[in-house]
Structures are given as structure tokens and as C-alpha cells.
Amino acid sequence: MNEIQFPGNLLREMREAAPLVQCITNYVAMNIAANVLLAAGASPAMVHAEEEAGEFAGFAGALTVNIGTASPQWIAGMKAAIGGATAARRPWVLDPVAHFATAYRRRATAELLALAPTVIRGNASEIISLAGGTSSAKGVDSRDPVELAEEAANELAERQVCVVAVTGATDFVTDGRHAVRLSGGSVLMPKVTALGCSLTCLVGAYAAIRPEDPLSATVAALAHFAVSGERAASGSDGPGSFGWRFLDALAALTPEALDGEARIERL
Ligand SMILES: Nc1ncnc2c1ncn2[C@@H]1O[C@H](COP(=O)(O)OP(=O)(O)OP(=O)(O)O)[C@@H](O)[C@H]1O
Ligand SMILES: Cc1ncsc1CCO
Ligand SMILES: [Mg+2]
């Protein structure tokens, strides 16, 4: 693979293209994720019914799949959409929310993993247990530091032949051969629900414009979040005002500022 690309160029192209992103996400995340994509410059569509999800994925730029509040009908819609995306050679991103919590989630996640996601994005607890380790989390919030998940992420990326992104106080992205750490963001980010789910959808937006380079696409999406989160936190009184400032910051960020302020350590 070539060098990981600077995120500013990808942001410029993403805004110009305003890619249509099919987001199959959970009930909690649907509204905030759609607003995050609109603010960032993409065009979200929450389309999940089995009857239409595959057809839609055939013309969307990318697909994102999140199991946060899944049920059998939703899983059927996800599989139909993944079939459509795969047939159209479009990238798809998996967010395995709390996949370790119940037998149903474990089974659904195993079935989705077998369909070969282009990118997996999760918090540290999710990535550690997806690689076969033991995490201390029980629900959707992480209980582990990202540093503990880095080896797991590398193993998972090699095994699945995909990009793996672990998010938290720092972020780690790997394709099993090349890896980066990103810093930035804010402690307020995990205090606003579904920002991780929304980030998964934004990874889809960037992957739509760089389907051949999902590593650079993922890094650009995470950098867009990290810089916007850092900017939004200054002046925020708490999670409430952070939430709307964050949307404004996603929209206001220029490609130049993204390249200037992103803290990306190539490993
Ligand atoms: N302590 C922190 N400091 C800075 N940024 C953080 C911190 N925790 C999370 N973030 C950022 O918040 C965003 C969401 O990541 P997080 O790991 O919280 O996702 P998640 O646990 O899947 O969230 P959710 O399930 O609520 O959607 C990422 O951009 C991440 O970098
Ligand atoms: C709170 C919550 N419960 C299921 S999904 C979700 C959104 C954060 O992952
Ligand atoms: Mg999550």
C-alpha cells in the first residue's frame, strides 16, 4: 500500500462528492448520525428493510452496519444490504456494538464478520473481545484503554483482511501492516450517546470516495472527528452544549485546518 494520505484532500473531495451513505444503525444513533453526516458534508440515508436494502446498496457510495439495537428483521436487512454492496463492489463498515454481551449478538456478529467488512470500527472493549480476548465491559460503553486493544486490532485486521479502527482517548487504526495513532477529541465525546456510531457512518462517507484505500479513508474520518471534538470542547459547558458545538465544528472544519491540527502518528 502507498503512504497514508493527508486527510485534508479527502475532506475536500468528500464535501465535493457529498457521497450517499446507506446507514443501517441503531434507534439511538439514527438521528445524530444523520446530522453528523450532513454537517460533515455527506448525504445519509437510513434504509434497512430487507425488501429494499440490497437494491439501495447497489447505488449508494458505501454501506455502514451497526448492531446496537438489532433484531431478526434488522439482521435480514443488513445481510441483504451487504449482498448489494458486495455485488456493486462498494465498501461496507461494521460497528459491532456490545457484540460480547449476549449469545444473540455474538451469533449475529459472527455471521456479519463472515461477509467480509471493509472496515471494522469499535471501542477498545469491542475490539479486544472480537479478537478473542476478554474485556471488562458489559454494555455499549468501553471499559478498556485503547493501548490494550492495539495488538487485538492488528490480529483482527490480519485475520479478516480488513481495516480495524479502535476509538477512545486515543484512536488506533491498522490494516495489519500499517498503523497509526490519532490524538485529539474530548472527554465529553463519550458523554454524548452514539458519537461512535456516528463516526462509523462517517467512515463510510470517506470510504465511498476512497474505496481502494480504506486505511486512508478511515484515518481521515477519525481525524475529522478528533479535530472537531477538540475545537468543540473549548467553550462547551458540558455534554449538551458540546453536542451542538460538535456539529458546527464538523461543518466549519476546512481541509487546511484539518491537515494543520490533526495529530496523526504513523507507526
Ligand atoms: N476520553 C476521550 N478523549 C478524547 N476523545 C474521545 C474519548 N473517548 C472517546 N473519544 C472519541 O469519541 C469518538 C467516539 O468514540 P467511542 O470510543 O466513545 O465510541 P463508542 O464507544 O463506540 O461510542 P457509542 O457506542 O456511544 O457510539 C471517537 O472520535 C473517539 O476518538
Ligand atoms: C445506548 C445504546 N444502546 C444500544 S446502542 C446505543 C448507542 C450507543 O452505542
Ligand atoms: Mg459503539
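These notebook entries record what I looked up in the predicted model of this protein.

**Ground rules.** I number residues from 1 along each chain as its sequence is written, and I letter chains from A and number ligands from 1 in the order in which they are written. The model is predicted, so to speak of local features I need pLDDT of at least 70, and side-chain atom pairs count only at pLDDT 80 or more, whereas totals for chains, interfaces and linings use all residues.

**Overall form.** I noted eleven helices and nine strands in the protein; helices (H or I, at least four residues) and strands (E, at least two) are DSSP runs, numbered from the N terminus. The radius of gyration, taken over C-alpha atoms, is 17 Å, close to the 18 Å that the globule rule gives for 267 residues, so the protein is as compact as a globular protein of that length. The globule rule is 2.2 Å times the number of residues to the power 0.38. Along the principal axes, the C-alpha atoms fill a box of roughly 45 × 40 × 40 Å. I found that buried residues make up 55% of the 267 residues. A residue is buried if 20 or more other C-beta atoms lie within 10 Å of its own, exposed if 12 or fewer, and partly exposed in between, with C-beta atoms placed from the backbone.

**Ligand 1.** I looked up the residues near this ligand, those whose C-beta atom, placed from the backbone, lies within 6 Å of it. There are 23 of them, and the closest are N123, T167, G185, M189 and G196. Helix α8 supplies the largest share, four residues. By class I recorded twelve nonpolar, nine polar and two charged residues. Here Ala, Val, Leu, Ile, Met, Phe, Trp, Tyr, Cys and Pro count as nonpolar, Asp, Glu, Lys and Arg as charged, and the others, Gly among them, as polar.

R121 lies in strand β5 (residues 119–123), and T167 in strand β6 (residues 163–167). I count R121 as buried because it has 31 C-beta neighbours inside 10 Å. T167 is also buried, with 28 other C-beta atoms within 10 Å. Contacts (C-beta atoms, placed from the backbone, within 7 Å) were listed without residues up to four places away in sequence: T167 touches R121, N123, G196, L199 and L222.

**Ligand 2.** I listed N26, V28, A29, G68, T69, V97, V140, T193, A194 and C197 around this ligand. The shell has six nonpolar, four polar and no charged residues.

I located M46 in the loop between β2 (43–45) and α3 (50–57), and A194 in the loop between β8 (179–183) and α8. M46 counts as partly exposed because it has 15 C-beta neighbours inside 10 Å. A194 has 23 such neighbours and therefore counts as buried. Leaving aside neighbours within four places in sequence, A194 is in contact with V28, A29, I32 and A33.

Conventions
Two residues are in contact if their C-beta atoms, placed from the backbone, lie within 7 Å.
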